[in-house]
Amino acid sequence: MERTLILVKPDGVQRGLAGEIISRFERRGLQLAGMKFMQMSRQLAEEHYGVHKERPFYSSLVEYITSGPIVAMVWQGNDAIAAARSTMGATNPVQAAPGTIRGDFGMEIGRNLVHGSDSPENAVKEVNLFFNTDELVDWQRTNDAWICE
Ligand code: DAT
Ligand code: MG
């Protein structure tokens, strides 16, 4: 069982696509473990995107992610990280396949609607950055047998 941090970024919330985006992960078969509506502080954004600190787009990335509220979520399941990333589509929406979130709703890399952890190590770090353990719910999904063998 793997966990991943997913964010509906400020453009997703402002465009009224939060429900649509959440629904994609839900219908895929990922299981929700935590969710909160929040606005990221500059400090949280700088920590979350610390790996990109030296990149030319870093400051606009921090501006963008802090520019409005987001929906932060933890989704879990077998291969949750890879499953979530394939549902999201390629980083640049112009290259993202139709049927993915970014391919269906995005036009530019700087407005790509959604974040998802990219490795098990980063997923653990990111989940802990956004959620306390008592904010994650351990629950039995009654239709699990129809999603996982
Ligand atoms: P992803 O969000 O698909 O994991 P990433 O971790 O490489 O992509 O980059 C984080 C975010 O930074 C990405 O969602 C959008 C932005 N970004 C990445 N590469 C960029 C670039 N070349 N120009 C502008 N923004 C970029
Ligand atoms: Mg990334």
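A molecule sits in a pocket if more than half of its atoms lie within 2 Å of the pocket's grid points. The model used here is predicted.

**Exercise 1.** Find where ligand 1 sits and list the residues that surround it.

*Solution.* 
Step 1. Ligand 1 sits in the largest pocket.
Step 2. Look around ligand 1: Lys9, Tyr49, His52, Phe57, Leu61, Arg85, Thr91, Arg102, Ile109 and Asn112 surround it.
Step 3. Sort this shell by class. Four residues are nonpolar, three are polar and three are charged.

**Exercise 2.** Find polar side-chain atoms beside the oxygen atoms of ligand 1, then state how much of ligand 1 the protein buries.

*Solution.* 
Step 1. Thr91 has a polar side-chain atom 2.5 Å from an oxygen atom of ligand 1.
Step 2. For Arg102, the distance from a polar side-chain atom to a ligand 1 oxygen is 3.1 Å.
Step 3. In the side chain of Lys9, an N or O atom is 3.1 Å from an oxygen atom of ligand 1.
Step 4. Alone, ligand 1 exposes 520 Å², and the protein buries 75% of that.

**Exercise 3.** Classify the one aromatic pair in the structure and say what it ties together.

*Solution.* 
Step 1. The structure has one aromatic pair.
Step 2. The ring centres of Phe25 and Trp75 are 6.0 Å apart. Their planes meet at 35°, so the pair is tilted.
Step 3. Phe25 belongs to helix α2 (residues 18-28) and Trp75 to strand β3 (residues 70-77), so the pair ties together parts 50 residues apart in sequence.

Key: Residues numbered from 1 in each chain as written. Chains lettered and ligands numbered in written order. Predicted model: local features only at pLDDT ≥ 70, side-chain atom pairs only at ≥ 80, totals over all residues. Heavy atoms only, no water. Near = heavy atom within 4 Å. Polar contact = N/O pair within 3.5 Å; in protein donor to acceptor, adjacent residues only side chain to side chain. Areas by Shrake-Rupley, 256 points an atom, 1.4 Å probe, with all protein chains shown as cover. 1 Å grid on protein atoms, 1.4 Å probe; cavity = no way out; pocket = protein on both sides within 12 Å on 5 of 7 lines; lining within 4 Å. Nonpolar A, V, L, I, M, F, W, Y, C, P; charged D, E, K, R; others polar. Phe/Tyr/Trp six-rings, centres within 6.5 Å; stacked < 30°, edge-to-face > 60°. Helix = DSSP H or I, 4+ residues; strand = E, 2+ residues; numbered from the N terminus.
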